[in-house]
Amino acid sequence: MQFFQLPHIDFIAIRKYFYGLSISLMLLGIVSIIAHKGLNLGIDFKGGTAMAIRFEKEVTTHSIRLALEKIGLGESEIKTLGTSNEFLIYMKQQKGFSASEVVKRVQTALTESIPDAKYEVRQVETVGPKIGQELRKNAMIAVVVSLLVIMFYLAWRFEFIFSACGVLGLFHDTFLALGVLSIFNFEISMKEIAAFLTIVGYSINDTIVVYDRIRENMKIHRGDDLKSVINRSVNETLSRTIITALTVFLVVVILFIFGGPVVKGFSLAMMVGAVTGCYSSIYLGGALAYDWHMRHDVKRAFKMSKMKK
Amino acid sequence: MQRKLLVRTVIIVLLVGWAVYALWPTYKLNRLTPDQKNLLSARGQLVPLIDRSIRLGLDLQGGIYLTLEVDLPMLITQIARTTDTRLDTILLQIRQELNVRNEDFLNLLVEHFRRRGLALNEYWGERGDSDGKIIASLEKEAKDAMDRSLEILRNRVDQFGVSEPSIQHIGSMRILIELPGLSDPTQAKNLIGKTALLEFCLVKDPALYSDVLQKIDKALARKGAIPVAETIETVKADTSKSKTAMKQSKDKTVSVNEIFGDRATVQPSRKDTAANDTSALVDENIFKENPFFSLLRNAQQFGHEVSVPEKNIAVVQRILERPDIQKLLPPDAQFLWSSETFKIGDEPYKELFMVNKEPELTGKYLTNAQVTIGSDAENAGRPVVSFALNRPGARIFSRVTGANIQKRLAIVLDKNVFSAPNIIAKIPNGSGIITGMPDMDEAKLISIVLRAGALPAPVSVIEERTVGPSLGRDSIQSGTLAAALGAALVVLFMIFYYRAAGFLADFALFLNIMILLAVLAQFRFTLTMPGIAGIVLTIGMAVDANVLIFERIREELKTGKTVRASIEAGYTKAFSAIFDSNFTTIISSIALYWLGTGPVKGFAVTLTIGLLINMFTAIVVTRTIYDHITSRKTLTNLSI
């Protein structure tokens with residue numbers, strides 16, 4: 001069984017459409033972030049207290065809010081988690097930060113205001129302002145460091161231009177994943193950062209495969225011009241690129257549907273990452289490298305054949 | 001069979017054997033019914049079995065995860081030679097800065113002192129010591145305090161009886177505690193958060209006390225602190241509920257602003273009063289002339305002296321903290337609240353004590369503390385903590401009790417007065433009881449912290465994550481379901497797309513996951529929910545290696561090579577691509593491991609190990625199988 005019997009798609013020729021698509025998708029992400037007034041940060045980065053409560057029977061958000069108002073926490077965010085008897089109460093930093101106090105008071109308020117509703121506290125998370133700030137910092141460092149390391153690794157294995165183009169593709173992929181999370185207003189916490197980092201590490205794979213093939217074809221088909229070499233390489237690796245992305249996409253979709261609430265945001269980000277990773281390798285890596293080369297120096301394109309292997 | 005092939009085959013078989021062995025406990029554990037578990041537990045065999053199974057993270061078993069920070073400002077205050085308001089102000093500023101930024105405390109201290117042109121030796125060390133020398137010794141103190149805190153916390157947690165707790169320190173100021181399997185974390189947090197400083201302080205003479213209260217009262221009245229207010233709600237105290245002859249008083253609610261005579265909003269300094277309380281209940285009869293007294297109550301007939309309704313506590317505390325009021329106190333006295341709230345009728349009250357600042361005795365001298373049920377008339381049926389002192393302590397105790405008969409001795413824990421019994425006679429044997437605990441749980445907690453010792457400095461909880469066991473179970477269920485379905489989907493796809501070769505890749509995948517789980521079990525890595533996601537992801541990425549190889553083989557076959565040569569070429573040429581792709585994913589996993597929180601670390605671990613093993617199973621194992629096949633007979637075509 002084979003999906004792609006050596007296609008001959010001229011990717012370089014149609015790259016302008018791809019660029020257009022990418023830019024519009026990224027714009028969509030930016031618009032969404034602006035519309036939501038920034039990113040929906042989870043308490044890992046925002047600080048505060050989040051309680052996940054499951055009631056035995058249906059309870060309205062309104063009644064919970066009334067209960068909270070009695071203890072001065074009426075301003076808290078209350079979200080439903082899926083079913084109508086599961087809620088997430090998010091409270092900002094309390095002065096004289098004492099989480100156990102807050103949790104106890106909320107529990108008492110709920111028991112008093114909604115008398116016959118039995119409930120179970122499934123999860124409580126409290127993050128102080130210092131820790132929140134540190135996690136934010138660490139998340140950013142992790143992303144930047146990964147990108148840098150990969151950039152140097154690529155530059156060492158291939159040529160600097162490929163490295164730069166590859167990393168550009170990574171930015172594109174990560175940003176699109178972020179955009180999708182924003183559009184569906186998913187919370188960004190440490191787990192979603194984990195997804196982004198995994199996308200960074202994974203998406204570069206396909207790109208490397210394509211570059212690997214370009215390099216090989218440069219040697220074999222010395223006489224050809226850059227455009228046909230890139231096209232040929234992308235076409236030859238198309239089958240492999242799509243299939244590997246497909247296997248990851250399949251498992252991540254399953255994770256999204258069946259994996260439970262804890263990993264929903266993570267799996268959605270990974271889904272986008274799998275798709276964009278494939279998409280960016282197919283055209284972005286090669287096309288960008290092509291444009292860059294064409295811009296700078298045609299002859300340098302043939303220097304690549306002298307690269308170490 | 002070739003020598004190399006034989007060696008490879010043997011290695012693979014041994015590896016699989018080891019994996020089965022390492023995973024067997026996990027398998028067995030998961031097949032046990034609750035009854036069988038109880039049986040094993042009785043025989044003492046359950047815990048070893050759990051130990052050898054895959055360790056579950058807090059988000060899968062339920063439990064509580066805490067990050068504590070040691071209160072260094074408080075610590076250095078305690079070891080300072082003298083303290084004054086200047087030092088207090090400096091430390092308060094530093095505290096505020098520390099609250100939002102993670103700076104090094106001692107660096108900030110030096111900075112603040114330099115800014116004011118002060119030398120550290122004014123408060124610490126000897127006169128003439130250089131800043132550097134003092135900082136070094138403070139650092140040593142801080143490290144000592146940290147070590148002691150860890151030890152004490154470990155002690156407390158051990159006594160509390162948590163299975164597999166984890167307590168470690170991070171940096172110079174933080175402690176990480178993991179308590180798996182707890183269903184109600186409140187107790188545990190109380191246990192950990194208590195400083196447990198036990199002090200025995202003599203209560204000041206009642207005449208002196210009354211004198212000071214009067215002074216305060218006059219001071220407040222004099223400053224014209226209570227202007228006539230436009231809006232006063234009159235609230236009549238519900239005297240119908242109180243059954244005893246409490247002095248009839250007309251209570252009215254006044255705004256706190258009136259009492260303080262300024263427009264500032266009330267910031268209660270005690271954490272356990274309602275944050276938005278801006279009114280106070282005062283006895284209208286005496287409000288104008290005796291503003292302070294009107295906030296208090298005399299509850300002598302109930303066995304409590306100066307008492308304050310709960311509503312007024314914030315106000316009273318604020319008054320007492322005012323610098324001008326502080327001046328009216330004798331220099332060796334302090335005000336302390338009772339720990340217990342008692343009820344008169346329906347109204348909750350706390351008692352206010354004036355005691356010596358210097359304790360006669362501290363918890364250092366304790367040798368034991370046990371929970372018992374009180375047997376004497378006063379405490380019959382209520383939980384009490386009976387304590388014993390060591391020899392020096394007993395001597396001091398004997399001397400103090402002997403010299404202060406008919407006076408009261410306040411038993412203070414963490415600046416709360418638990419009880420203040422009358423000293424009837426000299427106590428020579430260094431033992432006594434602590435009463436005033438609301439229930440058995442509290443008493444048990446107190447006995448534990450007293451036995452384990454007082455923390456050298458208070459700790460505050462800066463991060464806390466609690467997962468209830470039901471969420472943990474649900475996570476395991478959905479995680480396992482996702483993994484199973486994902487694996488099934490991938491397996492089917494591979495067979496569909498690559499036929500027999502696909503089946504081979506599926507077999508490698510199966511080994512991959514099995515060895516991954518075995519490594520987790522053997523080397524005691526913790527499996528978290530993101531860790532399960534990592535396994536699912538490994539499933540998806542693992543087959544990539546084989547896809548690369550098979551695609552290459554297909555290509556080579558097309559160019560007309562023999563089956564054997566195609567296989568050879570496929571593996572050789574695909575290797576660098578496989579290596580690169582796994583390598584880059586592993587790089588970002590490592591970054592994630594260093595900088596992520598606990599559960600996310602679990603993800604990094606499973607993904608990295610999964611991919612490392614993948615390089616072996618996808619390449620070596622499948623190649624070995626191919627080699628076996630091609631060494632038997634020459635294939636003319638390949639099901640791929």
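Predicted model: local features only at pLDDT ≥ 70, side-chain atom pairs only at ≥ 80, totals over all residues.
Student: Let's start with chain B. How many helices and strands are in there?
Tutor: Chain B has 20 helices and 20 strands.

Student: And what share of its residues is buried?
Tutor: Buried residues are 40% of the 640 residues in chain B. As for contacts with a separation of 6 or more, 72% of those in chain B come from residues 24 or more positions apart.

Student: Can we zoom in on one residue? Where is A508(B)?
Tutor: A508(B) is part of helix α17 of chain B, which covers residues 469-522.

Student: Is A508(B) buried or exposed, and why?
Tutor: A508(B) is buried, because 25 other C-beta atoms lie within 10 Å, and the cut-off for buried is 20 or more.

Student: Which residues does A508(B) touch?
Tutor: Leaving out residues up to four places away in sequence, A508(B) touches N546(B), T617(B), A618(B), V621(B) and T622(B).

Student: What separates A508(B) from L191(B)?
Tutor: Their C-alpha atoms are 50 Å apart, and along the chain the two residues are 317 residues apart.

Student: Okay, sheets now. What's the strand order in the one with β14(B)?
Tutor: The order is β14-β15-β18 in chain B, an open sheet of 3 strands with antiparallel pairing.

Student: Which strands stand at the edges?
Tutor: Those are β14 (366-373) and β18 (431-434) of chain B. Each has a single partner strand, so one side of each has no neighbour in the sheet. On average, neighbouring strands here are turned by 25° against each other, ignoring direction.

Student: How many bridges join β15(B) to β18(B)?
Tutor: There are 4 bridges between β15 (residues 383-389) and β18 of chain B, and the two strands run antiparallel. One pairing is S386(B) with its bridge partner I433(B) in β18(B).

Student: Which helix packs on that sheet?
Tutor: Helix α16 of chain B, residues 440-452, packs on the sheet and touches β14 and β15 of chain B. The direction of α16(B) makes about 170° with that of β14(B).

Student: Switching to chain A. What does the domain assignment give?
Tutor: The assignment gives domain 1 (15-41 + 132-306) and domain 2 (48-127) in chain A. Taken over C-alpha atoms, the centres of these two domains are 40 Å apart.

Student: How do α5(A) and α7(A) pack?
Tutor: Helix α5 (residues 129-157) and helix α7 (residues 190-220) of chain A pack at an angle of about 0°, with axes 10 Å apart. That angle is why α5(A) counts as roughly parallel to α7(A).

Student: Which residues meet there?
Tutor: From α5(A), they include L135(A), A139(A) and V143(A), and from α7(A), they include I193(A), F196(A) and L197(A). By class, the residues of this contact are 12 nonpolar, 2 polar and no charged.

Student: Last topic: how many residues of chain B are in contact with chain A?
Tutor: 61 residues of chain B are in contact with 61 residues of chain A.

Student: Which element of chain B gives the most to that side?
Tutor: α17(B) gives the most, with 15 residues. That's the helix holding A508(B). The side of chain B that touches chain A has 31 nonpolar, 21 polar and 9 charged residues.

Student: What about strands? How many bridges join β4(A) to β19(B)?
Tutor: 5 bridges join strand β4 (residues 119-127) of chain A to β19(B), and the two run antiparallel. For example, T126(A) has E464(B) in β19(B) as its bridge partner.

Technical notes
Residues numbered from 1 in each chain as written. Chains lettered and ligands numbered in written order. Domains from an automatic or database assignment. Buried ≥ 20, exposed ≤ 12 C-beta atoms within 10 Å, placed from the backbone. Contact = placed C-beta atoms within 7 Å. Axes fitted to C-alpha atoms, helices over the stretch in contact; angles between N-to-C directions. Parallel < 35°, antiparallel > 145°, perpendicular 65-115°, else oblique. Nonpolar A, V, L, I, M, F, W, Y, C, P; charged D, E, K, R; others polar. Pairing = 2+ DSSP bridges.
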